[in-house]
Amino acid sequence: MYTELIKIIEGGLNNDKNKVISYSKHLAKKLKDDGADKLANKITSTLEASTSFPVYKDQLFDAPVDNDTRLNIADIILPQDIKLEINISDSVKDPIDNFISLVNSKNEINNKGIHINLSMLLYGPPGCGKTTLAKHIAKELEIPIVIARFDSLISSLLGNTAKNIRKLFDYAKNKPCILFLDEFDAIAKARDDNHETGELKRVINSLLQNIDDFLETGILIAATNHEQLLDSAIWRRFEKIINVNKPDSLEIKTLVETYLKRIESDIDVNDKKYDALLANFLGLSHSEIIKIINSSYYNSIIKNRTLEHYDILTEYFKYNNNNRYTTEELIRFLSESNISQKHIAGFLDISIRQVRNAINVE
């Protein structure tokens, strides 16, 4: 039994959870054979209840660096530093929750003799929350997230890119963390792309080998805005694949109302004008909608008044026109959005006559 205890201690000091589990099982069996059933059962139940991730708080999480530039090739965020709110559809929430449950049940599933692949690929338009979802999962699991930095990971010396990829995976492999590869298409492009060099194709081969090795024990999440660029072999590596799309009308309503509950505003969510306001957001991403409302709120603070729905309409108009517009065009847009001439004049600090001239009303 002394051998098992020493091996368990070695595994703990070297952060080798597989070694700890293996020799703990040996120890439990020996204790049971010696008649110490109570202690043996205690060890077995502790193993079964474990999430398989050691405590990370006492570990040093120094980011790996590129040997030539000495720049970090990853950023590390601890779960207690993740502050976010998510508003997602059930079609995304359900598989995300299922993935979290799968990770938490890993030991129990492994003990049944079943190997599970803890990997997820998120794809869809930019600004729809893929990075936020990855951070949300890390926060829920209470483990750090290691986010690859492709600006320094991809070296100008092509031979070093594969080395950096290997270094990144090796770094994350024996740590309790999620490895997150954002903008994944930067290194996972299809090998039949005629524009890519032979060296870059070898990088993809290296990436695939590292993914296969890493997924024996690790948690991997990747995200891309350009899923059509990914190599076909990449898709087969991921257990769960989720399309994170732009919000529908119900998600937009939830997103905006969640925001409005946190601030002071004179916006009546039961007014028909509010529904017309939300209709403008169809086709925009989550981040675009929040950006517009943030700008509206900041402007209302600067002007020392409560947020109104025409504040949001104005910021939407500016955003939608890339800030290239005339006052007359803005007046007509607000008028068509059922804002009264009096309110338009007061809001823009102009005369009623100017408003009427812009909308051709005498």
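A salt bridge here is a side-chain nitrogen of Lys or Arg within 4 Å of a carboxyl oxygen of Asp or Glu. The model is predicted, and by this rule the count comes to 9 salt bridges.

- D97 and K93 form a salt bridge, with their closest N and O atoms 2.7 Å apart.
- Both residues belong to helix α4 (residues 90-104), where they sit 4 residues apart, about one turn of the helix.
- D97 has a relative accessibility of 29%, so D97 counts as partly exposed.
- K93, at 36% relative accessibility, is partly exposed as well.

- R237 and D212 meet through their side chains in a salt bridge, at 3.0 Å from N to O.
- This pair links distant parts of the chain: R237 lies in helix α10 (residues 232-237) and D212 in helix α9 (residues 198-214), 25 residues apart.
- R237 is buried because its relative accessible area is 19%, and buried means under 20%.
- D212 is partly exposed, with a relative accessibility of 37%.

**Network around R149**
- A network of salt bridges links D75, R149 and D151.
- Within this group, R149 pairs with D151, and the closest N and O atoms of the two are 3.1 Å apart.
- R149 is partly exposed at 31% relative accessibility.
- D151 reaches 57% relative accessibility and therefore counts as exposed, the cut-off for exposed being over 50%.

**Packing of helices α11 and α12**
- Helix α11 (residues 249-260) packs against helix α12 (residues 272-279) at an angle of about 115°, and the two axes are 10 Å apart.
- This angle makes α11 roughly perpendicular to α12, because the roughly perpendicular class runs from 65 to 115 degrees.
- The crossing of the helices α11 and α12 is right-handed.
- On the α11 side the contact is made by I252, K253, V256, E257 and L260, which meet Y274, D275 and L278 of α12.
- Sorted by class, the contact of α11 with α12 comprises 5 nonpolar and 3 charged residues, with no polar ones.

Terms used
Residues numbered from 1 in each chain as written. Predicted model: local features only at pLDDT ≥ 70, side-chain atom pairs only at ≥ 80, totals over all residues. Heavy atoms only, no water. Helix = DSSP H or I, 4+ residues; strand = E, 2+ residues; numbered from the N terminus. Buried < 20%, exposed > 50% of the residue type's maximum accessible area, 1.4 Å probe, protein only. Axes fitted to C-alpha atoms, helices over the stretch in contact; angles between N-to-C directions. Parallel < 35°, antiparallel > 145°, perpendicular 65-115°, else oblique. Left-handed = near helix turned anticlockwise from the far one by under 90°. Contact = heavy atoms within 4.5 Å. Nonpolar A, V, L, I, M, F, W, Y, C, P; charged D, E, K, R; others polar.
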